[in-house]
Amino acid sequence: MAKVHILDHPLIQHKLTFIRDKNTGSKEFRELVEEVSMLMAYEVTRDFALKDIEIETPVTTTKGQVIAGRKVVIVPILRAGIGMVSGMVNLIPAAKVGHIGLYRDPETLQPVEYYCKLPSDLNERELIVIDPMLATGGSASAAIKFLKDRKVKNIKLVCLLAAPEGIKKVQEEHPDVDIYLAAVDEKLDDHGYIVPGLGDAGDRLFGTK
């Protein structure tokens, strides 16, 4: 079973409080989501392998370490996932960015992929799927499945908030995908919103209703 990592760093929790606050406007909300995403990226990349190289300092030659192995693709789930991209890229500037868009079929209620644009060399890269909210888990699980259908094997899921229902669904359907969260909330309400949550992340990011 994949691990669930709760990133409880004080700076993350401090900023998350203001992200939740209904009085936080779109501009500040976007900035806070970017900042928390960057802090989360620090933890998500903790297990990246290193290799030794030799460099010259202004004083002498020495050995240092640089990241080795697979490179990174950041994949936001449209549209709210876009709000987390810049924070991740600030910390991992060499990362490529793909996009995946989903909607729920009104008759079957199943997620349908309507947009997917990804780098061609996915098998050589580590994929970080990002979406602020892991509510029912339907969109995240479907996005991961669509990526696996393209033969991707190395996937991590990063969300600000999750409900237990969403965590359970992703774990059951993708036991090989680790989940990174800033917080796990109480439950889903009757409309599928996370409680206490932060409302609709897309609307708050882009000032829509």
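Modeller: Let's take helix α5. Its buried residues pack against β1 (4–6), β9 (133–134), α4 (138–149), β10 (155–162) and β11 (178–184). Helices (H or I, at least four residues) and strands (E, at least two) are DSSP runs, numbered from the N terminus. Packing here rests on contact, which is heavy atoms within 4.5 Å.

Keep in mind that this is a predicted model: local features need pLDDT of at least 70, side-chain atom pairs count only at pLDDT 80 or more, and totals for chains, interfaces and linings use all residues. Residues are numbered from 1 along each chain as its sequence is written, and side-chain values use heavy atoms, with hydrogens and water left out.

Back to the helix. α5 spans residues 164–173, and its buried residues are G166, I167, V170 and Q171. They fall within an arc of 130 degrees seen down the axis, so they line one face of α5. The arc is that of the directions from the helix axis to the C-beta atoms. Why a face? An α-helix has 3.6 residues a turn, so residues three or four places apart point the same way. K168 and E172 are exposed, on the face of α5 turned away from the buried side. Buried means under 20% relative accessible area, exposed over 50%, and partly exposed in between (1.4 Å probe, protein chains only).

Now step out from G166. One of its partners is A135, which also touches A163, E165, L188, G192 and I194, leaving aside neighbours within four places in sequence. A135 sits in the loop between β9 and α4. With 17% relative accessible area, A135 is buried.

Move on to I194. It is in strand β13 (residues 194–195). I194 is buried too, at 6% relative accessibility. Beyond four places in sequence, I194 touches M133, L134, A135, L161, A162, A163, D185, K187 and L188.

What does the record say here? UniProt, in an unreviewed entry, lists I194, G199, D200 and A201 as "binding site". I194, G199, D200 and A201 are in the lining of the largest pocket. On a 1 Å grid over the protein atoms alone, a cavity is a set of points where a 1.4 Å probe fits but cannot get out; a pocket is an open set with protein on both sides within 12 Å along at least five of seven lines, and lining residues have an atom within 4 Å of a point. UniProt positions follow the numbering used here, feature names are shortened, and annotations may be inferred rather than shown by experiment.

Look at D200. It lies in the loop between β13 and α6 (201–206). D200 is partly exposed, at 29%. Its side chain reaches the backbone nitrogen of G202 at 3.0 Å. That is a polar contact: a pair of N or O atoms within 3.5 Å; within protein, one must be able to donate a hydrogen and the other to accept it, and residues adjacent in sequence count only if both atoms are side-chain atoms. Outside its four-place neighbourhood, D200 meets R79 and Y193.

R79 is partly exposed, at 36% relative accessibility. Its contacts beyond four places in sequence are D200, G202, D203, F206 and T208.
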